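This report describes a structure through its local features, its chains and the contacts between them. The sequence and the coordinates come before the discussion.

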Amino acid sequence: MGLISLATFFPVLGALIILFIPKEKLSTIKIIALVFSLGSLVVTTFLWTQYQYGMIGINDESQFQFVEHLAWIPAFHIEYFVGVDGLSFPMVWLTSLLGFIAVVASWNIPKAQKGYFALFLLLDTAMIGVFVSLDFFLFYVFWEVMLLPMYFLIGIWGGPRREYAAIKFFLYTLLGSVLMLLVMLALYFNVQDPVTGGHTFNMLHMMQQSNHNSWLSRFDVRFWLYLALFIGFAIKVPIFPFHTWLPDAHVEAPTAISVILAGILLKMGTYGILRISYPIFPDIAKYTSYALAVLGVINILYGAFVAMAQSDLKKLVAYSSVSHMGFVLLGMSVFTSAGINGAVFQMFSHGIITAMLFLIVGVIYDRAHHREINGFGGLAVSMPVYAGVASLAFFAALGLPGMTGFIAEALVFIGAFSVYRVLTIIAAFGIIVTASYVLWTVQRVFLGKLNPKYESIGDINGRELFTLVPLGLLTIFFGIYPLPILNMIKVSLNYLITLIP
Amino acid sequence: MIQLESYLIISAIVFVLGIFTILYKKNAVGILMGVELILNSVNLNFIAFARYIDTYINGQLVAIFIIILAASEAAVALAIILNMYRDRRSVDVTKMDEMKN
Amino acid sequence: MNNLNSLQYFLPELFLSASILIIIIVDLLLKKDKKIITAYLSVLAVLVAFFLAYRQYNYAFTSLFEGMIVLDSFAVYFKVLTALSTIIVIFISMPAFRRHSEYYILLLVVTLGMFLMVEVNDLLMIIIAMEMVGIISYVLAGFNKFNMKSNEASLKYVLYGAASTGVMAFGFSYIYGLTGHTNLFAIQQAIVGHSLQPLPVFIAFVMVVAGLGYKIAMVPFHFWVPDVYEGAPTPITAFLSVGPKAAGIALFIRFLITVVAHPASQTTFIQNVQIQAPLLLAVLAVVTMTLGNVSALGQKNIKRMLGYSAIAHVGYMMMALVVFNTRGFTAIMFYMVVYMFMNFGAFWVVQSMTPHLGSEDISAYKGLGYRHPLTAVAMAVFMLSLTGIPPFAGFIGKVYLFAAIIKQNWYTLAVIGVINGVISLYYYAYVIKVMFLDRDEEIKAISVPLYDRVLLWLLLIPVLALGVYWGPLIDLAHNSIGFFFGN
Amino acid sequence: MIKLALFIWLLPLAAFVINILIGKRLPRKGDWLSVGAIGISFILSLIMLYRVLVDYDPNFLVQGSVPWIDLGVLKLNMGLYLDNLAVIIVTAVSTVSFLVHVYSIGYMEGDPLYNRFFAYLSLFSFSMLGLVMWDNLFGIYMMWELVGICSYLLIGFYFTKDSAANAGKKAFIVNRVGDFGFLIGLLIVISTVGSFNLTTIHQAVGQGVLHGGLLTAAGILLFAGAVGKSAQFPLHVWLPDAMEGPTPVSALIHAATMVAAGVYLMARLNFMLTFDAMLVVAYVGGFTSLFAATIAITQNDIKRVLAYSTISQLGYMIMAMGVGAYVAGFFHLVTHAMFKAGLFLGSGSVIHAMHHSMEKTGIHGDPNDMRQMGGFRKKMPYTHITFVIFSLALSGIPFFSGFLSKDAILGGTLAFAMSQSNPIHYLLPTFGFVAAIITAFYMFRLIINTFYGKPKNESLFKHIHESPKVMTIPLMALAFLSLYFIYTIPSISPAGPEGGWFTHLIERPISAVATQLGHPVLFIPEHTEHAAHVNGMLISIIFALTGILLAYLFYYWKKIDVEKFTQRIKPLYALSFNKYYMDELYQATVVSGLLLWNQMLAWFDLHVIDGIVNGSAWVVRNFSFMDGWIDKYIVDGLVNLVANMTLAFGKSVRKIETGQIQNYILGAVLGAFFIIILTMI
């Protein structure tokens, strides 16, 4: 049992323990949830200190770190194969961080706390598992296991339309993943394990084009497989036509879950594309890159415009995520060092920033019990600290220099411009729109005359501050000094783009 | 000497008659009779084939067994129909739509 | 092998027959309130038969009683499986049928019939075995004499069953006529030997498919299923959806690989006669699963819903038939076991909850997640497992089915299959939604007796365990097909 | 030197951090922190300037940088680039900033968010200093955004006033429009040159790595950023509204420093402007200078007048950059920073007085409104004197700094026009000179209305009194800095800056473009320049005096009745008074257009992408029986659509389960036939 496995399964261990605690012992349950999510964070942080920058990863097992490689179902060539590289580790760490913060954020969850925290910890494990697994079957299992707790967490503890949102999320993502299942099996049968000569689920073997058999080398086959895989991931991202589950899910989910949804789950789509689609089908990735770029631009602008039109604060933030994920797509689609590094950096940064935004929405919702943007106004008077933190988050969202978002977007633009000039210029138009809706929102919520309803509204409390401040510090720290992340990811990503013909 | 074909034709006719009986009789017992017709057409086939093709007598054996089975089947069926009749005072199958869709 | 020597290989069946007779006599001696003992005895009997059958596992391929019956690991696998299903059913039934001892005896007889079904090697035996299972099933379906639905179910069942058996027999008669044999191997030789004109062969084939299809509830011979499943007593519904079906599938496979095709290489088969059996089966599979799924949507009665879902699952399994190779058959055999556990689980929940909820309507399960969490969670697991979502056994089963067809590049079929999986999520998740998401304010906790909980765990654990570690079972299933090439 | 600069730069940041976090709890709410920090920076900058003066070397340059982002392929270093230009402007910024800090102690006294105000000021100083010192465009862009956000925060400082909040938002967004261009410009540079470093770019452009239309485009796009920041037409609309902010802010950010950033940028990038680019720059600037001036005439809000004058002065500088009068333009930047800051602080002290007296008398009204003032001369002597000095400087009267720089610019434009074959270019000097008259006119209109004549509102007038020392001393300091000789030492001729340290240290950089072939290069022969300068000086003096004279005729001696006059030119007056309806225009087109567009997209998203409404509605109407699970929520969901379709299908399929056993058997039979047919074909 290596450290990675520990980090992965530590939360679910907590979940098991919680199951055996009577649901009356509320505080105990919470403490356990806290401890175990924190434990996972501690482990991953320790791993970071142990992390060797400069190891590449991607498609070479010897280049991965903290690898664990055991047989699971030999008859079906399924292995328990986990490890991290520059692409996955930031995500792993982010997951464990947000997992912990989300537990704190859901401290006062109203009903059935026992089930809530158990499910949440299960979710935590599943998410980390997705990022660390290097065996496709394992990856798929974690990927699917994620859906169940998510379904319940939205469906039971969500808002008024929770049942609808939950099932919608479930169906959408399941539809995506079953296609992935087929592709996985197709690869299993058509990729040859160079060692044993048998079939294999090992992603790294799948990435070696030499292991592909003649059928799998046919262009049309590769294209369709890539497409099926892409749809699976696109739904998670979500890429433009598949995004409609997102507003519902985000709006109905409880705060902590929205944080996880936007902070981690959306990243899985792009992570999957980078981890699986690109290395396995580099030629198709190249072939379809322009389409991906266009989709990215659509996401950026479309998300921003629609966000501007929202009157529900949470919906606005949700659509802003659509817009921000567009940058990731644009960056990915160009295969330039700046672009792809920017994309992954954006994944990390958006994870933090959007988490802050949703937490902020949660804070106000807990007090005002509604999210109508126009229903507020002048809150900066009655809740100055909250206003301060919130504006920090919102500025981060509009890409203010000195915060992670700015660097990520700048890198994406730099990377993309040298390849797709016009597209990049169109995308850059997004910064104006973003500024518009962010500032407009800030004004309608915090500035202007104080809405008399909220004269006595309490300012943000310590616990909420505790969830927000670390994230705020992170955005600023990595915004000023991005090297720790960039050095980690650049080695892997610069190698990844060399795979693209 | 009668040809095999004639047996086959007869049995086919009986078979079809049986099917139609099953389809168009409203009375459960009637339907049962249809089933019997089918089984007998089967028997006819087996015996004919046994006579004309087979070097052994497997066909006849099968026929005998089928007769037995038909009997037991009929017995059970009639029991059930009786039970039905006790409940509804009718054996009209078209009235049996307690469960549908 | 001649009849006398065959007996030593016939132990399970002999024991079963003996115990049936004994139990009948014992039963007569029991007082009214002691009848339950019969149930215990029956369990004991099937258990012994189970082990006897299992002991036969490593026997080499042998054909018994002048070739009327073959004994091979494939047969043993299904014997064990069916025996297991009977045991579970008896356990499920015990709380409900405390004084109707004949019920258990009937079950034993069905078990015997199923044993025969999976090892027959002769047209005659096929008919006998199927009738044996069939007739008793009719009785069992109508076991609640005074329940209108039960009666109607059994009547529909008997008429439908009789008709299709007749049709099948008619088909057999033609096969006999074409080949001059009743022994399957002999038939195979005959067909492979000389080229027969396809039409009669084909009509015969279709008629046989109709008969077998009725047994395994395959579209378009499935019509009886929903009504019978809804009307029959819940344990019987559960039983019909697993035991006889498994036997039927075993028989179907045996028929396909002897009469329709014969072994080509170590793992594949080629057809004896020029029919597009694979394509035909593929179409039937698609129709079956799709029709089953879409009909299950929006069902109010949970048993009926499960009935339709049972049809859908037959469709899934048939997908793997089309590839005509061991991989496919292995997948089916594996899936059958998985399906047994999750399906029995679901039905057991229905059976044990109905008295508490007072209705078989899905809406009655409202808030169950808070009234008795364990049951609800278990039910959720069964539902998700039926949907085929990891980490539950159902997912693994599906993976193998899909793997089998993907290996042969049946992609269209595979896509339709997974889409069906997604559709099925609607109605399975609907149950979950009702249990957990619809939460009425005052929560009347349900107290479930220990017996129910234990049985629930016994059904739950395999579903969970097989979801994460299924190596041994798949190996078992795989090794059980060796015989096809033995001779 | 670098260390020095770093201190100058980072001290305000430290002050900001401390103030924003614990400022409230500090004694005096931590204003001393900010003031102290900027004070030290001020002194240090003086030391730096002193060193430069000691060197007295036109090509003085110190650089130092550290790696910041390193992706192997792409390397971004961050560092400082200190040449005379930078040092001088750093000094100017720190000076004004320091004075404004001091002034604010008095002006902002008793404000609830006192500490936050100073925190913001510090943050601004930090970003502004960074902007002028950094050695790469990327860094400049970052600081560019930061000063933007600072101005957003400070304009909206009185955020409970909707007008203030709106103004802040408007300022930031309009700037973003400019930055959009800036960003694209940056991308062109990085994608061709591969680096943001100024020196690297200089070489690259020299080697023709970046050339031709792309170079022009890059120049113009980068200029777009300047247009936004320096409030040039058509993006000038935000600056007047920005006057909603506290007056010290207007003085520091919206008169002296931030708005000049655009000019600074143009100065920095002067070497890479092609001739066409320069023309664009020149005309935008020239037009703006006149355009804004004409608006300033009719405004009654004292600060708005100054705002428009700022815009017009910035127009001058930009124009100067465009016509190659590089030194003059930059010179005007510095002098203007001093006297315009002074003007704002002066007006601030007037408003301060108005405000207090209004509070005393309980009269409600706009303290900025000239029509409430008049005759303040006696009440506020210091303010009055300094104010007059600043105005003279602005109007370009000899012996004041403004005269030197301004007429240098006008001379420059004239020279440019003369050197060009195409007579159309005489437009530029025309813009300049006309603007000069108007400037003088409206400045004195302002002075007369405020300080001379008899008070228009007696009751208010009673309580008007001079502002505290802490406010007047900065005014005097600035007044002193508006005297000509500061900039001409060692020479003391009031005629022009020639021979002064300033013109010695600053000289126009060699255009990198010039070294490339095939580019039309701007060249102005010596004699033309001289001739132009002489004429320019004469004309501008005459024009300035004419302007002042007119002002007196209109408002002091009242020889011409203003009312009648305005009646006669009503349409023009209206046009000017309403700022040429620019705001209304934007509101009508851009803003509402955008909002409408958003609504459309949102509708699209809800109804089209998210479920073909009619389809699902229809299906649900017919087949909604899944008790309140899906069907409740008709109006969205491709998912719902599919779902309902499937349900519908299921419903219809299940129709065949009639419950009639015979139908079942029939179905089976038909099915069998179907199968037979299926495989027979």
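## The hairpin of chain D

In this predicted model, Gly72(D) adopts a positive phi near 80° in the hairpin formed by S1(D) and S2(D), where four residues lie between the strands. Strand S1 (residues 61–70) and strand S2 (residues 75–83) of chain D run antiparallel and are joined by nine bridges. Asp70(D) has Lys75(D), in S2(D), as its bridge partner.

## Chain D as a whole

The secondary structure of chain D consists of 30 helices and two strands. The C-alpha trace of chain D spans about 120 × 70 × 60 Å along its principal axes.

Of the 681 residues in chain D, 60% are buried. When contacts in chain D between residues at least 6 apart in sequence are considered, 79% of them join residues at least 24 apart.

## The interface of chains A and D

Five pairs of chains are in contact, and among these pairs chains A and D share the most contacts. The interface brings 38 residues of chain D into contact with 46 residues of chain A. On the side of chain D that touches chain A, at least two residues come from each of helix H5 (137–155), helix H6 (162–193), helix H27 (582–609) and helix H29 (638–654) of chain D. H6(D) gives the most to this side, with 13 residues. By class, the side of chain D that touches chain A holds 24 nonpolar, seven polar and seven charged residues.

## Chain B and its neighbours

Chain D also meets chain B: 10 residues of chain D are in contact with 10 residues of chain B. Helix H30 (residues 661–680) of chain D gives the most to the side of chain D that touches chain B, namely five residues. That side of chain D divides into four nonpolar, four polar and two charged residues.

Chain A and chain B, in contrast, are joined by no contact, and their closest C-alpha atoms lie 25 Å apart.

## The two domains of chain A

Chain A is divided into domain 1 (1–281) and domain 2 (288–501). The centres of domain 1 of chain A and domain 2 of chain A, taken over C-alpha atoms, are separated by 23 Å. Their contact takes 41 residues from domain 1 of chain A and 37 residues from domain 2 of chain A.

On the side of domain 1 of chain A that touches domain 2 of chain A, helix H3 (89–105), helix H11 (245–252) and helix H12 (255–280) of chain A each supply at least two residues. H12(A) provides the largest share of this side, 13 residues. The classes on this side of domain 1 of chain A are 30 nonpolar, nine polar and two charged residues.

## The largest nonpolar core

The largest nonpolar core contains 722 residues, of which Leu153(A), Leu182(A), Ala393(A), Met117(C), Ile405(C) and Ala341(D) touch the most other members. Helix H7 (residues 162–190) of chain A contributes the largest share of this core, 21 residues. Domain 1 (1–281) and domain 2 (288–501) of chain A each supply at least three residues to this core.

Which residues does Met117(C) touch, not counting residues up to four places away in sequence? With that exclusion, Met117(C) touches Ala129(C), Met130(C), Val133(C), Ala247(C), Ala250(C) and Leu251(C).

Methods: Residues numbered from 1 in each chain as written. Chains lettered and ligands numbered in written order. Predicted model: local features only at pLDDT ≥ 70, side-chain atom pairs only at ≥ 80, totals over all residues. Contact = placed C-beta atoms within 7 Å. Nonpolar A, V, L, I, M, F, W, Y, C, P; charged D, E, K, R; others polar. Core = buried A, V, L, I, M, F, W, Y, C linked by C-beta atoms within 7 Å. Buried ≥ 20, exposed ≤ 12 C-beta atoms within 10 Å, placed from the backbone. Domains from an automatic or database assignment. Pairing = 2+ DSSP bridges.
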